[in-house]
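Visitor: I have a structure open here and would like to go through it. Can you take some questions?

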Amino acid sequence: MAEEGQQPSMTWLFFSPSGRIGRLPFFLSWLFWFLVGGVFLMQMLKNENEETALALWTLALVVSGVLSTVSIAMLAIKRLHDIGYPGPLALCLFIPVLSPIVFIALCLWPGTKGQNEFGGPNNGPGH
């Protein structure tokens with residue numbers, strides 16, 4: 001966890017469950033992972049006739065898929081913290097029928113004003 005006044009890092013944003021983030025960083029982080037997967041998928045399709053290149057791009061897609069899944073869970077936990085809910089509710093993002101509804105809710109639901117039990121509203125690490 002970061003000390004008071006320390007700037008949040010990209011590692012904290014994508015891979016730490018502590019603290020809070022607002023709607024815009026949450027949405028932009030999802031968009032980032034969507035674009036990363038899209039680039040790797042595009043490269044796979046472009047190199048489908050070259051066995052070695054296809055294998056490397058497939059590996060890159062699988063690794064980015066694992067990283068993005070972990071990251072999306074951490075982002076959802078921080079977004080839930082901003083709203084004032086506990087992090088384990090992030091598991092709802094992995095239930096197929098609920099996933100789009102939860103995603104839209106997390107993108108649109110405003111966070112709590114001021115300090116809450118998970119930290120201040122500064123898009124930074126919590127206590």
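This is a predicted model: local features need pLDDT of at least 70, side-chain atom pairs count only at pLDDT 80 or more; totals for chains, interfaces and linings use all residues.

Guide: What follows is a short chat about the fold, the helix packing and a loop residue.

Visitor: OK. How many helices and strands?
Guide: There are four helices and zero strands in the protein. Read from the N terminus, the order of elements is α-α-α-α.

Visitor: What does the C-alpha trace span?
Guide: About 55 × 35 × 20 Å along the principal axes of the protein.

Visitor: And how much of the protein is buried?
Guide: Of the 127 residues, 38% are buried. The protein exposes about 7900 Å², and carbon and sulfur atoms supply 71% of that area.

Visitor: What about contacts between residues well apart in sequence?
Guide: Taking contacts between residues at least 6 apart in sequence, 67% join residues at least 24 apart.

Visitor: Let's look at α4. Which of its residues are buried?
Guide: Helix α4 covers residues 99-108, and Val102, Phe103, Leu106 and Cys107 are buried there. They lie on the same side of α4, because the arc they cover around the axis is only 135 degrees.

Visitor: Why would residues like that point the same way?
Guide: An α-helix has 3.6 residues a turn, so residues three or four places apart point the same way.

Visitor: And which ones are exposed on the other side of α4?
Guide: Ile101 and Leu108.

Visitor: What do the buried residues of α4 pack against?
Guide: Two helices, α2 (23-46) and α3 (51-83).

Visitor: Start with α2. At what angle does its axis cross that of α4?
Guide: At roughly 135 degrees, and the two axes come within 8 Å. That angle makes α2 oblique to α4. On the α2 side the contact is made by Arg23, Phe26, Phe27 and Trp30. On the α4 side it is made by Phe103, Leu106, Cys107 and Leu108.

Visitor: Now α2 and α3. How are they oriented?
Guide: Their axes come within 9 Å and cross at roughly 170 degrees. The two helices are therefore roughly antiparallel to each other. By class, their contact has 15 nonpolar, seven polar and two charged residues.

Visitor: Changing topic: where is Phe94?
Guide: Phe94 is in the loop between α3 and α4. Its relative accessibility is 41%, so Phe94 counts as partly exposed.

Visitor: What is Phe94 in contact with?
Guide: Thr69 and Ala73, leaving aside neighbours within four places in sequence.

Visitor: Where is Thr69, then?
Guide: Thr69 is in helix α3. With a relative accessible area of 39%, Thr69 is partly exposed.

Visitor: How far is Thr69 from Trp33?
Guide: Their C-alpha atoms are separated by 9.1 Å, and the two residues are 36 residues apart along the chain.

How values were computed
Residues are numbered from 1 along each chain as its sequence is written. Side-chain values use heavy atoms; hydrogens and water are left out. Buried means under 20% relative accessible area, exposed over 50%, partly exposed in between (1.4 Å probe, protein chains only). The arc is that of the directions from the helix axis to the C-beta atoms. Contact means heavy atoms within 4.5 Å. Axes are lines fitted to C-alpha atoms, for helices over the stretch in contact, and angles run from 0 to 180 degrees between N-to-C directions. Angles under 35 degrees count as roughly parallel, over 145 as roughly antiparallel, 65 to 115 as roughly perpendicular and the rest as oblique. Accessible areas come from the Shrake-Rupley method with a 1.4 Å probe; for residues, only the protein chains shown count as cover. Ala, Val, Leu, Ile, Met, Phe, Trp, Tyr, Cys and Pro count as nonpolar, Asp, Glu, Lys and Arg as charged, and the others, Gly among them, as polar.
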